[in-house]
Amino acid sequence: MMNKDYIISLIEQDKRLSNRKLDEYRKVELSYDVSKNADGAARCKIGDTEVIVGVKFNVGEPYPDNPDEGTIIVTAELLPLSSPEFDLGPPGAQATELARVVDRGIRESKALDFKKLCIKKGEKVWMAFIDIYTINDDGNLIDACALAAIAALKNAKLPKYEKERVLHGEYSNKKIELTKLPITCTLGKINSKIIVDPGMQEESVLDSRLTVTTADGNIHAMQKGGEKGLKMEEITQMVDIAIAKEKDLKKLIK
Amino acid sequence: MSYTKRFDGRKFDEMRKTEAKIGVIKRADGSAMFKIGDTIAIAAVYGPRKLHPRFLQNPSKGILRCNYDMASFSVPDRKRPGPSRRSSEISLVTAKSLSPVLDLSKHPNAVIDLFIEITQANAGTRCAGITAASMALAHAGITMKDLVSSISVGKVSDKVVVDLDKEEEDHEEGATDIPIAYSPRTKDFTLLQLDGNVSKKELKEALEMSKKGCEEIYKLQVKTLKDHFKGEGK
């Protein structure tokens, strides 16, 4: 582990470990050849951070309060394969937070028209299982997971559904239409400095963290993390950066 | 009816296309990917590191702890994320297939953690996992007597074949699956499981076939590791 004081002193001079600017992402890459058995899948790399997301559709009963809407279920597995700090066992708080932040970004932006996932009102709707697996944690898993999730969903196909059965592996010509592409940007604060896309070593020195999900400049989800508070002007500055980053990241989704 | 031609046109003793890669997970002490046909396994090694909880520590030797897991979207019908009875058993036999080539007495009180993730499955996942794991252990610099190579053999209808795919495993006239791990230098079989129905003669034939298959995989493992370390030296 690198000296924490060194990381902080660098940032104080507007410098960072990976030789990037305070408001600069590491290299972000999306690819789609993850798993042939998924209905939609994507891999996102941000620097050395790598995650994969697969979407699988199933048919189930709608929630009674939304009888004509399908649903999404997001899960995240922080695989112990991806970091010496992750342990085996049921999802802990970090995995649950990660999954819920991704879920909210998609749900609240209404990226998906949930009504189009209805098969028979009150009885049968499509459920999209969006499953996240971390492969290598080098910091800022949230942004990687959110980007991979929306990219996987954008490329997902609905399986055929005949005689009350889902024919896995056979696809109808119905595509998943996304009305918006929510983009998640995570920022960190150290002393008076704000950085974007904190790397693993930077994460350990952050005073606080703010994750912002936007679509077309509107904010759809936020999540604050870290030990310390944020000032009003810091929050607005962070949101401004997130909105600016949305445009760049959105271009990567095919 | 007998099985005269394989569904995908392979010869009976021909395995699917293989591919291997080292260092696929930066954070790990050692890692590897192994692909055979449409089955993809990645493996990461952490350690040797201190074993927790402490009561499991053994002052005379370290332990190898394996965890095999399949991604929910790796199979046609979504698998519920997390462990299952099947994955616990596979984790156990994987550890047993690899520990014969390790010298764990070198690592008292320690654990070598080995994680295997199947990201895409089309039969033979435990074998692909073991093959990847063996390379990951070597990449992590763990002292090993040899690499372990793994392949499944079996019987589809009436024919002994190597490297069954999913379609063959589900053959309507029945299929016998025999996952094998083999250490070519010591000539030890370190994994042998079977479910189905074969005669003694067929088993012998299958084992011979698996030896040939493992030797082929072994060559790829050695070449991939050598190429990787050559590149690092530059």
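## Two crossing helices in chain B

Everything described here comes from a predicted model. The crossing of α1(B) and α2(B) is right-handed.

Which residues bring α1(B) and α2(B) together? On the α1(B) side they are B:I90, B:T94, B:S97 and B:L98. On the α2(B) side, B:R126, B:G129, B:I130, B:A133, B:S134 and B:L137 take part. By class, this contact between α1(B) and α2(B) has 5 nonpolar, 4 polar and 1 charged residues.

## A helix pair in chain A

Chain A has a helix pair to look at as well. Helix α2 of chain A (residues 93–108) and helix α3 of chain A (residues 141–154) have axes that come within 10 Å and cross at roughly 45°. The helices α2(A) and α3(A) are therefore oblique to each other, and their crossing is right-handed.

From α2(A), the contact draws on A:L98, A:V101, A:V102, A:G105 and A:I106. From α3(A) come A:L141, A:I142, A:C145, A:A146, A:A149 and A:I150. The residues of this contact between α2(A) and α3(A) divide into 10 nonpolar, 1 polar and no charged.

## Chain A as a whole

Stepping back, chain A contains 5 helices and 12 strands. Its radius of gyration is 19 Å, close to the 18 Å that the globule rule gives for 254 residues, so chain A is as compact as a globular protein of that length. Along the principal axes, the C-alpha atoms of chain A fill a box of roughly 65 × 35 × 30 Å.

How much of chain A is buried? Of its 254 residues, 45% count as buried. Among the contacts in chain A between residues at least 6 apart in sequence, 68% join residues at least 24 apart.

## Where the chains meet

Chain B touches chain A through 22 of its residues, which are in contact with 30 residues of chain A. On the chain B side, β3 (39–50) and β5 (110–120) each supply at least two residues, and the largest share, 4 residues, comes from β5(B). This side of chain B has 10 nonpolar, 6 polar and 6 charged residues.

## Residues worth a look

B:D163 sits in the loop between β7 (159–162) and α3 (166–169) of chain B. Is B:D163 buried or exposed? It has 25 C-beta neighbours inside 10 Å, so B:D163 counts as buried. Leaving out residues up to four places away in sequence, B:D163 touches B:M15, B:R16, B:I36, B:G124, B:I151, B:S152 and B:G213. The C-alpha atoms of B:D163 and B:D177 are separated by 9.2 Å, and the two residues are 14 residues apart along the chain.

Chain B also has cis peptide bonds, including the one from B:G47 to B:P48, with omega near 5°, and the one from B:H52 to B:P53, with omega near -5°. B:P48 belongs to strand β3 of chain B, while B:P53 is placed in the loop between β3 and β4 (63–70) of chain B.

Finally, A:E164 has a positive phi of about 60° although it is not a glycine. A:E164 lies in the loop between β7 (157–162) and β8 (165–175) of chain A, and counts as exposed, with 8 C-beta neighbours inside 10 Å. B:K187 is not a glycine either, and has a positive phi of about 60°. Its place is the loop between β8 (175–183) and β9 (188–192) of chain B, and with 9 C-beta neighbours inside 10 Å, B:K187 counts as exposed.

Technical notes
Residues numbered from 1 in each chain as written. Chains lettered and ligands numbered in written order. Predicted model: local features only at pLDDT ≥ 70, side-chain atom pairs only at ≥ 80, totals over all residues. Contact = placed C-beta atoms within 7 Å. Nonpolar A, V, L, I, M, F, W, Y, C, P; charged D, E, K, R; others polar. Rg over C-alpha atoms; globule rule 2.2 N^0.38 Å. Buried ≥ 20, exposed ≤ 12 C-beta atoms within 10 Å, placed from the backbone. Left-handed = near helix turned anticlockwise from the far one by under 90°. Axes fitted to C-alpha atoms, helices over the stretch in contact; angles between N-to-C directions. Parallel < 35°, antiparallel > 145°, perpendicular 65-115°, else oblique.
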